Amino acid sequence: SHGNKEVFSCRGILLAVQWFWDRGHKDITVFVPSWRKEQPRPDVLITDQYILRDLEKKKILVFTPSRRVGGKRVVCYDDRFIVKLAHESDGVVVSNDTYRDLQNERPEWKKFIEERLLMYSFVNDKY
């Protein structure tokens with residue numbers, strides 16, 4: 001949302017990570033589809049890609065699998081990665097997604113998502 005739905009802003013990810021880091025949270029995992037590493041195209045704008053590589057080197061960011069099949073991009077369902085890790089590590093999910101489909105998948109996830117989903121917004125560069 002930092003890129004106002006016009007561009008994928010890696011800086012927005014960094015601002016969110018820094019916000020939690022500054023408050024003492026050191027066990028932070030960011031999930032991003034691996035195709036975000038690719039060269040940006042005019043229809044899929046991305047800014048400051050180097051931030052993704054830096055966060056990956058620091059073991060804060062994990063790229064979820066994706067591949068090309070017949071020239072089309074196929075991505076995994078990364079929502080499951082996110083909720084599973086947060087549930088297993090007794091963490092918090094930071095997202096504006098409500099994960100409705102996953103709430104119906106497992107009863108323990110429903111309660112977890114209801115109690116541990118932290119939605120957010122940006123005001124310019126303020127997270």
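This is a predicted model: local features need pLDDT of at least 70, side-chain atom pairs count only at pLDDT 80 or more; totals for chains, interfaces and linings use all residues.

Me: How do I describe two packed helices?

Reply: Two packed helices are described by the angle between their axes and the distance between the axes. Here, helix α1 (residues 10-22) and helix α2 (residues 50-57) have axes that come within 8 Å and cross at roughly 40°. Axes are lines fitted to C-alpha atoms, for helices over the stretch in contact, and angles run from 0 to 180 degrees between N-to-C directions. Helices (H or I, at least four residues) and strands (E, at least two) are DSSP runs, numbered from the N terminus.

Me: Which residues of α1 and α2 make the contact?

Reply: Contact means heavy atoms within 4.5 Å. From α1 come Cys10, Arg11, Ile13, Leu14 and Val17, and from α2 come Ile51, Leu52 and Leu55. By type, these residues are seven nonpolar, no polar and one charged. In this scheme Ala, Val, Leu, Ile, Met, Phe, Trp, Tyr, Cys and Pro count as nonpolar, Asp, Glu, Lys and Arg as charged, and the others, Gly among them, as polar.

Me: How many residues does the largest nonpolar core have?

Reply: A nonpolar core is a set of buried Ala, Val, Leu, Ile, Met, Phe, Trp, Tyr and Cys residues joined through side-chain atoms within 4.5 Å. Buried means under 20% relative accessible area, exposed over 50%, and partly exposed in between (1.4 Å probe, protein chains only). The largest core here has 14 residues, and those with the most contacts inside it are Ile13, Val17, Val30, Val32, Leu52, Leu55 and Leu61. At least two residues each are supplied by α1, β2 (30-33), α2 and β4 (61-64). The largest share, four residues, comes from α1. A second, separate core has nine residues, including Val83, Ala86, Leu102 and Ile113.

Me: Which residues of α5 are buried?

Reply: In helix α5 (residues 107-116) they are Trp109, Phe112 and Ile113. They cover an arc of only 100° around the axis (taken from the directions from the helix axis to the C-beta atoms), which puts them on the same side of α5. On the other side, Pro107, Glu114 and Glu115 are exposed. The buried residues of α5 pack against α3 (78-88), β7 (93-94), α4 (100-103) and β8 (117-118).

Me: Is His2 buried or exposed?

Reply: His2 counts as buried, because its relative accessibility is 17%. His2 is found in the segment before β1 (8-9). Its side chain makes a polar contact with the side chain of Asp125 at 2.7 Å. A polar contact is a pair of N or O atoms within 3.5 Å; within protein, one must be able to donate a hydrogen and the other to accept it, and residues adjacent in sequence count only if both atoms are side-chain atoms.

Me: Where is Ile28 found?

Reply: Ile28 is in the loop between α1 and β2, and Ile28 is buried, with a relative accessible area of 13%. The C-alpha atoms of Ile28 and Ile60 are 32 residues apart along the chain and separated by 5.9 Å. Leaving aside neighbours within four places in sequence, Ile28 is in contact with Val17, Phe20, Trp21, Lys59 and Ile60.

Definitions and conventions: Residues are numbered from 1 along each chain as its sequence is written. Side-chain values use heavy atoms; hydrogens and water are left out.
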